Structure formats: structure tokens, C-alpha cells
Amino acid sequence: MVAMPAPDRSVLDRRESIVAALRAIVPGEGVIASDVAMRPYESDGLTAYRQLPMVVVLPETTAQVSQILRYCYENGIKVVPRGAGTSLSGGSLPLEDGVLLGMGKFNKILDIDFPNRAVVAQPGVTNLGITKAVEGQGFYYAPDPSSQIACTIGGNVGENSGGVHCLKYGLTTNNVLGVEMVLITGEVVRFGGKHLDAEGYDFLSLIIGSEGLLGVVTEVTVRILKKPETARALLVGFPTSEAAGDCVAKIIGEGIIPGGMEMMDRPAIAAAEAFVNAGYPLDVEALLIVELDGPEAECHHLMERVSAIAKDCGAVTLRVSTSEEERLKFWAGRKAAFPAVGRISPDYYCMDGTIPRAKLPLVLSRMRELSEKYGLLVANVFHAGDGNLHPLILYDANKEGELHRAESFGNDILRLCVEVGGVLTGEHGVGVEKRDLMPEMFNKIDLDQQLRVKCAFDDKGLLNPGKVFPELHRCAEMGRMHVHGGKTAFPDLPRF
Amino acid sequence: MQDILKPRDANDVAEAIASANESGKRLEVAGHGSKRELGRATQTDATLELSAISGITLYEPEELVLSARAATPIAEIEKALEARKQELSFEPMDYGPLLNKTPGAGTIGGAVACGLSGPRRIKAGAARDFMLGVNAVSGRGEQFKAGGRVVKNVTGYDLPRLFAGSWGTLAVMTDITLKVLPRAEDCATVLLFGASDARANEAMAAAMGSSCEVSAAAHLPQALAVSIEALRAPGKSVTALRLEGVPQSVAYRRTKLEELLKPFGELGALDAGASRAFWKSIRDVRPFADGSERAVWKLSTTPSLAPAIAAGINASVGAQYFYDWAGGLLWLEMPNEKPQAGAVRTALAGRGHATLIRASAAARAAADILPSQSRMTHSM
């Protein structure tokens with residue numbers, strides 16, 4: 001288990017006055033201080049970690065968020081922001097001495113602007129809520145994380161959420177136009193808007209995926225797209241994962257970018273099929289779902305090309321969806337893969353590394369070795385188009401030592417991802433979960449460069465501490481130079 | 001003429017910056033210097049010329065990834081991509097013609113640092129949307145990396161994206177890893193003739209809000225439409241909408257788009273060849289590449305507000321202008337070398353951003369061309 005920063009006694013001793021101060025800002029039920037009522041907030045999607053916060057506050061206006069943050073800044077109190085609490089990396093895990101700032105009451109859509117193809121929403125609106133608001137006119141919001149029915153757009157901004165369609169349509173960062181954000185000092189700032197490019201630094205790029213460490217988003221402007229006229233899916237089974245990986249590479253190599261391209265391995269196929277009866281073949285090692293969208297003429301043409309490539313690569317089963325129901329059925333198994341695995345194992349631990357696609361066979365075979373070493377089964381679902389791997393490690397938390405073994409196994413998988421040229425996390429975030437693995441990917445200088453960004457926004461380190469960065473530094477220390485003491489006056493370089 | 005430091009590799013860059021840091025010297029960061037005349041004149045003690053930090057270091061078409069040293073010529077990258085039927089989808093513009101310099105110069109580092117994105121920006125995204133990873137040297141002379149080589153990556157802050165459009169003020173990039181995409185097999189452009197600015201704006205919004213997957217949308221008022229050869233414009237304003245994809249799809253969407261635009265007026269079309277030439281002209285702001293030093297501004301705003309902003313500036317100073325990005329990008333050429341920043345910003349009234357792109361050296365030295373900087377910019 002990853003250790004959280006030791007609680008500050010001096011803050012805990014002031015708890016009563018802190019609660020009173022927050023009640024003065026947010027009246028009524030907006031401040032929750034009893035253990036029982038705070039219980040729902042003790043954990044997020046990473047349920048292995050639990051901690052009751054010092055107090056929960058649920059503001060309703062940007063002005064309240066500003067006052068809360070200013071109060072916390074002036075009094076040295078830590079703040080953990082939270083959307084719907086669906087983070088799989090512990091991004092909104094509370095701190096014993098911290099205020100949990102729940103943004104759930106920011107649940108309104110403020111502006112729907114079809115001519116400029118933009119929606120302005122409060123951060124507590126769900127991802128799917130945005131699409132629901134515009135689908136009557138044939139529009140949708142493209143990023144679609146599997147938790148889209150529950151996860152909020154504010155949380156999506158915090159985590160730079162992806163989904164199954166991001167190879168073609170991008171991640172959150174490619175689909176957000178602007179935010180209103182409150183800094184830890186209480187200052188309200190805006191980055192971006194309905195225009196495409198700002199002058200000066202592109203702060204939006206920093207905010208998106210910053211995991212609640214830079215500020216609290218109070219409004220989000222997103223780009224919406226017109227729904228493609230048709231979408232068809234292809235279900236292809238392969239005798240080996242190598243063949244499936246080869247097929248993915250050839251499809252892209254031929255210049256085809258499918259709307260979605262997902263792979264599942266044999267254990268994941270079996271679990272999904274048993275759960276939703278999607279009609280998946282059970283005698284294949286790898287299953288590929290390829291979705292093509294656009295005008296019918298385009299879908300039809302590309303479907304034929306993809307089918308030919310798949311056959312060339314040794315596909316043993318191949319089905320094209322003939323109706324919208326059938327297409328959704330193909331997807332149902334994939335979208336339910338996590339709960340499906342949850343049915344066959346008391347607990348599972350979901351990983352999220354990304355690898356260069358060509359390394360897939362190597363990574364899968366090494367993962368099988370690790371599975372034997374740790375004595376735990378693993379099922380794989382894979383965003384094959386963009387190399388984002390979700391190994392699900394099966395374990396039983398009630399068995400002595402299994403959680404620890406699952407975590408060690410997971411860490412080894414992520415080290416493997418980095419070793420082959422990939423990264424620790426593709427879309428779930430570093431959070432608490434992968435915090436201590438950051439040095440596998442970044443050295444001290446790399447991390448210090450990122451910490452300087454943190455210091456520019458939050459000089460006291462009060463926003464979501466204990467997440468993302470393995471070591472906490474005082475910002476004042478960041479000013480020191482730690483390399484090069486030499487007095488070289490640049491002697492070797494040619495001058496003109 | 002000030003000192004020019006020519007590092008051979010990233011270690012040299014680090015050493016040069018560390019040494020400059022120690023002695024309190026300020027460095028101008030340059031690749032080919034092709035965009036040196038953009039914006040305000042720098043006041044520096046030496047130039048860090050990166051031209052030797054060049055070459056493609058990794059290109060895996062099936063992984064959609066390319067890495068290159070920062071001063072690799074854009075032309076070299078585009079050639080390598082073209083051989084595998086791929087491209088830089090953000091269509092980086094070539095400032096050569098507009099700035100009265102040789103066309104076709106410039107480096108990938110320069111394009112990224114200046115955040116150059118062309119007409120396809122409205123569909124494919126900006127330069128920053130293609131940034132996957134960087135190796136860079138900080139102002140302290142420390143070499144660091146950020147990001148990676150895979151598309152899906154949320155490990156740490158997205159510094160590679162931040163560096164796009166940071167004009168070399170945050171770090172000196174030495175290696176850049178980009179996402180690349182397949183080139184469309186076919187393209188065509190549907191033209192609408194004679195629409196007013198307001199009507200053209202509506203037509204572009206209707207096209208962008210349709211399922212036609214328009215990959216570029218520009219409007220040239222009559223005075224400028226005649227300047228573009230590919231158009232052979234009949235003395236009317238021209239609104240142009242580009243479609244790209246497989247031939248079957250382009251043909252279908254073209255019919256559909258023409259149906260949609262019929263109520264807006266007389267229609268025409270450009271085939272694939274003419275289409276490519278036309279959008280290159282728009283990308284490179286050819287209508288204002290007139291060899292003059294008349295001030296040119298680039299305005300980024302909400303698309304539907306653009307006609308009113310253009311009319312406001314036109315009324316006060318009499319500028320020439322055209323729209324790209326379905327109205328979200330407004331290119332303005334002032335009547336003379338004076339930038340008239342006050343008039344531009346007054347008309348914009350906080351509804352977007354204005355950047356001075358071309359002006360005489362004297363005008364560029366003046367303080368009023370810069371917008372007010374936020375506190376966060378200073379902290380950063």
C-alpha cells in the first residue's frame with residue numbers, strides 16, 4: 001500500500017473551528033462533519049484505499065469555492081477535490097487532515113451553442129449528461145470513458161479521460177475548449193473559451209490531466225460533434241494475440257483510422273460472454289472489435305478493406321454487424337468487461353499502462369510469466385488502436401496476502417510497460433496508485449521540472465497532496481540548482 | 001551582430017544554457033530563424049542556434065509516431081511522411097511568403113514552439129494536439145524529458161503540449177515526438193459564391209454542424225478572392241469548404257454538402273489538385289503575401305462573432321481581412337505598417353485574442369503590441 005502524508009496534528013486540533021468557518025461559507029447541508037454521513041466519501045473507484053476526510057464541503061457556487069479555497073490557503077489546510085468519485089487511481093482519496101471538496105452540486109448545463117458547436121457545463125455534469133443534452137439535435141461529446149454514465153466532466157478534465165473512441169476523436173484534452181478555475185488562493189481564472197487558440201501559454205493543456213493538483217475547475221466548455229451517419233462493427237477472432245496485433249498494425253498502416261479498435265484475450269472473452277452473451281467466439285485467443293463510422297458508403301468500403309486485412313492476418317471468425325442492435329451487442333461485452341471479470345473473481349485490480357502496439361505479443365507473454373510467478377490470473381482488455389492496456393488481475397482480498405501480491409504483480413506490469421517504451425498510465429491517472437512508480441519513468445530532474453509547475457499554481461502544496469508525486473518538496477527548495485558547478489565558459493562550441 | 005552559439009547536441013545545449021544562466025546572459029532560441037520577424041523583437045545577449053540538432057530519429061508509420069531532433073526541417077519530415085502516405089495533420093503554415101522570406105524553410109521545433117496550425121485545425125486539432133513527448137533543456141541548463149511516445153498517456157503534467165506555442169520561453173526543446181496520421185486519399189472543395197460575411201458565417205456553421213466532416217472552412221471577401229489563382233473567382237466573395245477521405249466518402253459528402261448549401265447561393269467546386277493548391281494558399285496567408293510590411297494580425301475568436309469584429313475593425317481603420325477556421329480565425333491586413341493595436345483590441349473587446357504577425361521592425365519594438373499578461377503567466 002502507498003503511504004499518505006502524515007496528518008498535521010495542528011490542523012486536526014482546529015477541526016471544530018474549521019468546520020464552523022466552512023459552515024459560514026456554505027450554509028445548511030453543504031458541510032458534512034459526522035463520521036456516518038462522511039462514509040460515502042471515504043474512497044473512490046480505487047476501493048482498496050479508504051480514509052475518512054476531516055470534513056466534507058459541497059459548495060454550489062464559484063464564489064463559495066473561492067471563499068473555501070482562500071480560507072484553506074490562509075489557514076494551511078489541505079484540500080482534496082472530488083467529482084463523482086469514479087477515479088480508478090485514488091485521485092480523490094480523502095486525507096485525514098484535509099477538506100474534501102465535492103463538486104456534485106455543480107450539475108447544470110449553462111449554455112448549448114450549436115452554431116459554434118460548444119457546450120458550457122458545470123463540472124458536476126456527467127460525461128453522458130452532455131451528450132444527452134445535445135443528442136436531440138444529432139450532436140454528441142466524443143470522449144466516452146466506460147464510466148460515462150457516472151463520471152463528471154470536471155473529473156474528466158482532472159484525469160484527461162479517454163474512452164474507446166479516442167484513437168479517432170481524441171482524449172478530453174483534444175475536446176475541451178476552456179475552463180473557469182479557482183486557484184488555491186481563491187483567485188478565479190479562465191483559460192480558453194469558445195475560441196480555439198489563446199495568446200500566451202496554453203494553460204488548458206496543463207490543467208487537463210493535472211489530477212486536482214493545480215486548481216478546482218468550476219466551469220468547462222467542450223466541443224461537440226455531429227454524430228456520424230452510420231457506425232458498423234466487425235468482430236474478428238484470432239488464434240493468437242500476435243495475429244490480432246499484426247492485424248491492428250496493418251489496418252493503421254493502410255491508412256485506416258477506425259472509430260474504435262478493441263482487443264480482448266481469452267480469459268476476458270470468456271468472462272464477458274458468460275456475463276452478457278454477446279455472441280463472442282470462445283475458441284479464439286484474441287478477439288478484435290473494429291468499429292468504422294461515417295457515411296454508409298465509407299463504412300461499407302472500409303469494412304471490406306478491414307475484412308480483407310483480417311483474413312490475410314489469419315482471422316478464424318469474422319462477423320460484421322448488420323443492425324444497430326447487433327453493433328451494440330458486440331460492444332456490450334467489451335463495455336461490461338470489468339464487471340464481467342468482477343463476477344468470476346471476488347476482487348480484481350485494474351491496470352492501465354500504454355505500450356507501443358508492436359510490443360503487445362512480448363508484453364502479453366511476459367505477463368503470462370508474471371501471472372505464474374504471482375499465482376494470480378489476469379484477463380486483458382486492450383484499446384488496441386492506441387496501445388492502452390487494461391490487465392485485470394484477479395484476487396481475493398479476504399485471502400491473506402493476495403491484495404499485496406496483486407499490487408506487486410500490477411507494479412511489475414507497469415514497469416514492463418515503461419521498459420518497452422510505454423508509460424505508467426494511459427487514462428486512469430497516477431493518483432495514489434501509481435505515485436511511487438513515477439521514478440520508473442522520470443528521473444529527479446524530470447520530476448522537479450513538473451513540481452515547479454505545481455509550485456507556480458500552489459506554492460504551499462495544499463491541493464491534493466500525496467497524489468502523483470512520490471516526494472513532497474517545499475517550493476522554496478525548488479529554486480536551488482542541482483547540477484553543474486563547473487565554470488566552463490562554453491569553450492567547445494563554434495562561434496560565428 | 002551578437003554571438004551565435006551553435007550546439008552540436010543536447011549536451012551542448014545544456015552546457016550553453018547553464019553557462020548563460022551563470023553569467024546572467026539572455027539567449028535568443030532559433031532553429032532556421034525563419035520566423036524571427038514574428039511578434040516583438042527580442043532583446044538578447046546571444047543566439048542559441050539549434051540548426052545542427054537535426055534529423056529524424058524514429059519513424060514507425062504503423063504506430064503513427066515520429067521523433068525528430070528539434071531543428072529538423074519541416075520539409076524533411078513532410079517528405080518522409082509523404083513516402084508512407086502520412087502527414088502532419090495540423091498542417092503547419094509556412095510563414096516564409098507572408099514575412100517576405102524564402103518559402104519552405106523552418107524546423108519542426110519552430111513550428112511547434114510557435115504553435116503553427118493550418119486550416120485543418122478545426123477538424124484535426126492544433127500543433128499541440130499532436131505532441132506526444134519532448135526532451136528539453138530548462139533555463140537552468142538541466143536536461144529533462146516529459147510525455148512519451150504513445151498517444152494515450154496521462155503520466156504527469158502534459159508539458160509537451162504546454163511547450164507548443166510557448167515560443168521557446170519555457171525550455172529549449174531538443175527532441176520532439178509527434179503523432180502522425182494517414183493522408184486522406186482524396187479531397188474536394190465546395191465553393192459558395194457571393195455570400196456576405198454574415199451569410200457566409202451561417203453557411204460555414206451549418207456545414208460544420210452537419211455530418212459532412214468538413215476539414216477546413218474559409219471565407220474570402222470579394223476583394224481578396226480575386227487574389228487566389230486556384231479559385232478563378234468570378235468577381236464575388238468565395239466561401240470554401242474542404243472534404244477529405246476515401247473517394248467514395250468524399251463524393252457522397254460533396255453531394256450532401258451541396259444540398260445543404262444550395263439555399264445560400266451559387267455553388268462551385270475545386271477538384272483534388274486545385275483544392276490542395278487553394279488550401280495551401282489559405283494556410284500560408286497568400287492574400288497578404290504581397291511583399292509589403294503592412295501590419296498583419298491574427299485574431300482567434302468565437303466563430304459566430306467574427307463578422308461583427310471584422311466589421312468593427314474595418315470601420316475604424318479600413319483593414320483587409322479573411323476568415324479561416326469557420327470564422328474562428330480572422331486574418332487582418334492593416335492599410336499600412338502601423339499595427340494600430342488599440343483599434344484591434346477595442347473591436348475584439350476581450351472576445352478572443354489578437355497576435356501581431358507581421359510588422360516593420362520599428363512597429364515591433366513598440367510596447368503596445370503585447371497583450372496584458374496574466375499573473376499565472378508570470379508565475380510560470
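At what angle do α11(A) and helix α8 (residues 247–261) of chain B pack, and how far apart are their axes? The angle is about 175°, and the axes lie 8 Å apart. This is a predicted model, in which local features need pLDDT of at least 70, side-chain atom pairs count only at pLDDT 80 or more, and totals for chains, interfaces and linings use all residues. Residues are numbered from 1 along each chain as its sequence is written, while chains are lettered from A and ligands numbered from 1 in the order in which they are written.

**View 1. Helix α11(A) against helix α8(B).** α11(A) is roughly antiparallel to α8(B) (angles under 35 degrees count as roughly parallel, over 145 as roughly antiparallel, 65 to 115 as roughly perpendicular and the rest as oblique). Axes are lines fitted to C-alpha atoms, for helices over the stretch in contact, and angles run from 0 to 180 degrees between N-to-C directions. Ala297(A), Glu298(A) and His301(A) of α11(A) meet Gln248(B), Ser249(B) and Tyr252(B) of α8(B). By class, this contact has two nonpolar, three polar and one charged residues. Ala, Val, Leu, Ile, Met, Phe, Trp, Tyr, Cys and Pro count as nonpolar, Asp, Glu, Lys and Arg as charged, and the others, Gly among them, as polar.

**View 2. The side of chain A that touches chain B.** In all, 79 residues of chain A are in contact with 74 residues of chain B (contact: C-beta atoms, placed from the backbone, within 7 Å). Helices α8 (203–207), α9 (241–253), α11 (296–312) and α17 (444–457) of chain A each supply at least two residues to this side. α17(A) gives the most, with six residues. The class count for this side of chain A is 36 nonpolar, 28 polar and 15 charged residues. Helices (H or I, at least four residues) and strands (E, at least two) are DSSP runs, numbered from the N terminus.

**View 3. Helices α9(A) and α14(A).** The axes of α9(A) and helix α14 (residues 360–374) of chain A come within 9 Å and cross at roughly 150°. The two helices are therefore roughly antiparallel to each other. Ser241(A), Glu242(A) and Gly245(A) of α9(A) make the contact with Leu360(A), Pro361(A) and Leu364(A) of α14(A). Three nonpolar, two polar and one charged residues take part.

**View 4. The seven-stranded sheet of chain A.** This open sheet runs β15-β12-β14-β13-β17-β18-β16 (chain A), with antiparallel pairing (strands pair if DSSP finds at least two bridges between them). β15 (317–320) and β16 (347–350) of chain A stand at the edges, each with a single partner strand, so one side of each has no neighbour in the sheet. Six bridges join β17 (residues 378–383) to β18 (residues 388–395) of chain A. Asn380(A) has Pro391(A) in β18(A) as its bridge partner. Helix α10 (residues 266–276) of chain A packs on the sheet, and its direction makes about 100° with that of β13(A). Helix α12 (residues 324–335) of chain A also packs on the sheet, at about 55° to β12(A).

**View 5. The four-stranded sheet of chain A.** This open sheet has the order β1-β2-β4-β3 (chain A), with mixed pairing. The edge strands are β1 (31–32) and β3 (78–82) of chain A. β1(A) pairs with β2 (residues 55–57) of chain A in the antiparallel sense over two bridges. Ile32(A) stands opposite Val56(A) in β2(A). Helix α2 (residues 15–25) of chain A packs on this sheet, touching β1 and β2 of chain A.

Notes. Two residues are in contact if their C-beta atoms, placed from the backbone, lie within 7 Å.
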